Amino acid sequence: MKRESINFHQTFYPNFDYIGKILDISNGESKRTINEISYITGIPTGESSGKVQPHIKYCEYMNLIYAKIIDGTYILERTELGELIYQEDSYFSEKLSRLICHFFLTSEHYGSELWYFAYRCLQEKYGNRITKQVIEHDIFNNFGKSTKMTAYNSCYSSMQSLGVLELIDFQNDVLIFKEFIYKDEYFYGILYTIFKELKAYDNKRSEFTVDELFTKLKWNYAMNWSQDRTMKLLEKAFDDGWIDLNRQLVPTTIMLKRNINDVIGLIYSELI
C-alpha cells in the first residue's frame with residue numbers, strides 16, 4: 001500500500017457517475033491536465049480543490065485505472081478489471097461492480113490506507129458496532145493527523161456511491177456493519193478479489209493459510225463476514241474446483257488451483 005495523504009478525498013465521496021466518466025477517458029494514450037479532464041467529463045474542479053483529483057485516486061484505489069503524472073498532465077489507463085467493467089457495466093448499475101470496487105478500496109495492498117484502516121482494521125478490533133468518536137480517535141492515533149469523515153460516511157450511505165450495498169447502517173453516532181447478503185451471481189467477482197489479494201500478499205506462492213486471509217489481509221471484513229461464513233464460500237470454491245482446502249493442517253490451507261485470468265472472464269457470467 002502506498003503511503004499517501006489520508007485527506008486525498010478532499011471531503012468528496014466516490015460518486016460512480018464521475019468514476020464511470022474517468023473510466024471512459026482512460027485510454028492509456030491521451031495526456032490531459034486536470035482542467036482538461038474536468039472540461040471533457042463535466043466533473044467540477046477549481047483553483048485550489050475540486051472533484052477530479054479525488055476521483056482519479058478513487059479509481060486507482062478501486063483497481064480500475066493506472067495513473068501517471070508527467071509535467072502536470074495525466075495519462076490514465078484502464079486496468080484489466082477496469083477494462084472489463086468498462087465493457088460490461090460502464091455505468092456501474094450492477095451491485096457486483098460496486099462490490100468489487102469496495103473490496104479493492106478497502107484492501108491493504110490496492111486500496112486507500114484510510115479506508116483499509118477505518119473499515120477492515122477497526123472492525124477487526126471492535127466488532128460490528130463502532131462509534132464515530134472511536135473511529136476518529138483511532139484514526140488520529142494511527143496516522144498522527146485527523147481527517148473529516150464526511151467522505152467515508154457518505155461513501156456508505158449515498159446511493160450514488162457504495163450505499164447501494166447496504167454494508168453500514170448509520171444510527172446516530174454509531175456505525176453498524178451489516179453482513180453482506182450473498183448471491184451466487186456475485187461468486188466469481190468475490191473469488192477474483194480473493195485471488196488478487198492473496199497474490200498481492202505473496203505473488204511467489206499458490207498456497208496460503210486461512211489465517212493469512214483472515215488476520216493478515218482481513219479479507220472477510222470487507223463483507224462484514226465471520227470466519228465461519230467465509231469458510232462456506234471457500235468450500236463452494238473448493239467444490240467448484242477453484243481451490244484445494246487442506247483441513248488436516250492447522251490452520252487450514254488454501255491452494256489456488258486455477259489462474260486468475262480464468263476467473264476474471266467469468267465475473268459477470270452469472271448475472272441474470
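Helix axes are here lines fitted to C-alpha atoms over the stretch in contact, and the angles between them run from 0 to 180 degrees between N-to-C directions. The structure described with these terms is a predicted model.

On that basis, helix H9 (residues 187-201) and helix H11 (residues 227-239) pack at an angle of about 100 degrees, and their axes lie 11 Å apart. Because angles of 65 to 115 degrees count as roughly perpendicular, H9 is roughly perpendicular to H11. On the H9 side the contact is formed by Phe-187, Ile-190, Leu-191 and Ile-194, while H11 contributes Leu-233, Leu-234, Lys-236 and Ala-237. Sorted by class, this contact of H9 with H11 comprises seven nonpolar residues, no polar residues and one charged residue.

Helix H11 itself has 13 residues and spans 18 Å from its first C-alpha to its last, which is close to the 18 Å expected at 1.5 Å a residue. Within H11, the residues Arg-229, Thr-230, Met-231, Leu-233, Leu-234 and Ala-237 are buried. After H11 comes Gly-241, whose phi is positive, near 85 degrees.

Strand E9 holds Ile-254, which counts as buried because its relative accessibility is 0%. Although Ile-254 and Ile-243 are eleven residues apart in sequence, their C-alpha atoms are 6.5 Å apart in space. When neighbours within four places in sequence are left aside, the contacts of Ile-254 include Phe-208, Val-210, Leu-213, Leu-234, Ile-243 and Leu-245, and also Ser-206, Glu-207, Thr-209 and Asp-244. The loop between E8 and E9 contains Pro-251, and the peptide bond leading from Val-250 to Pro-251 is cis, with omega near 0 degrees.

The largest nonpolar core has 89 residues, of which Leu-64, Trp-115, Tyr-152 and Tyr-156 touch the most other members. In soluble globular proteins, nonpolar side chains tend to be buried together. Apart from neighbours within four places in sequence, Trp-115 is in contact with residues that include Phe-8, Tyr-58, Leu-105, Ala-151, Tyr-152, Cys-155 and Tyr-156, and with His-9, Thr-106 and Arg-120 among them.

| Residue | Phi |
|---|---|
| Asn-63 | near 65 degrees |
| Glu-166 | near 55 degrees |

Asn-63 is placed in the loop between helix H3 (52-61) and strand E2 (65-70), and it counts as buried because its relative accessibility is 9%. Glu-166 is placed in the loop between helix H8 (150-155) and strand E5 (168-171), and with a relative accessible area of 48% this residue is partly exposed.

Gly-265 lies in the segment after helix H12 (260-264), and at 58% relative accessibility this glycine counts as exposed. The C-alpha atoms of Gly-265 and Leu-81 are separated by 9.7 Å, although the two residues are 184 residues apart along the chain.

Terms used:
Residues are numbered from 1 along each chain as its sequence is written. This is a predicted model: local features need pLDDT of at least 70, side-chain atom pairs count only at pLDDT 80 or more; totals for chains, interfaces and linings use all residues. Side-chain values use heavy atoms; hydrogens and water are left out. Helices (H or I, at least four residues) and strands (E, at least two) are DSSP runs, numbered from the N terminus. Buried means under 20% relative accessible area, exposed over 50%, partly exposed in between (1.4 Å probe, protein chains only). Angles under 35 degrees count as roughly parallel, over 145 as roughly antiparallel, 65 to 115 as roughly perpendicular and the rest as oblique. Contact means heavy atoms within 4.5 Å. Ala, Val, Leu, Ile, Met, Phe, Trp, Tyr, Cys and Pro count as nonpolar, Asp, Glu, Lys and Arg as charged, and the others, Gly among them, as polar. The expected span of a helix is 1.5 Å times one less than its number of residues. A nonpolar core is a set of buried Ala, Val, Leu, Ile, Met, Phe, Trp, Tyr and Cys residues joined through side-chain atoms within 4.5 Å.
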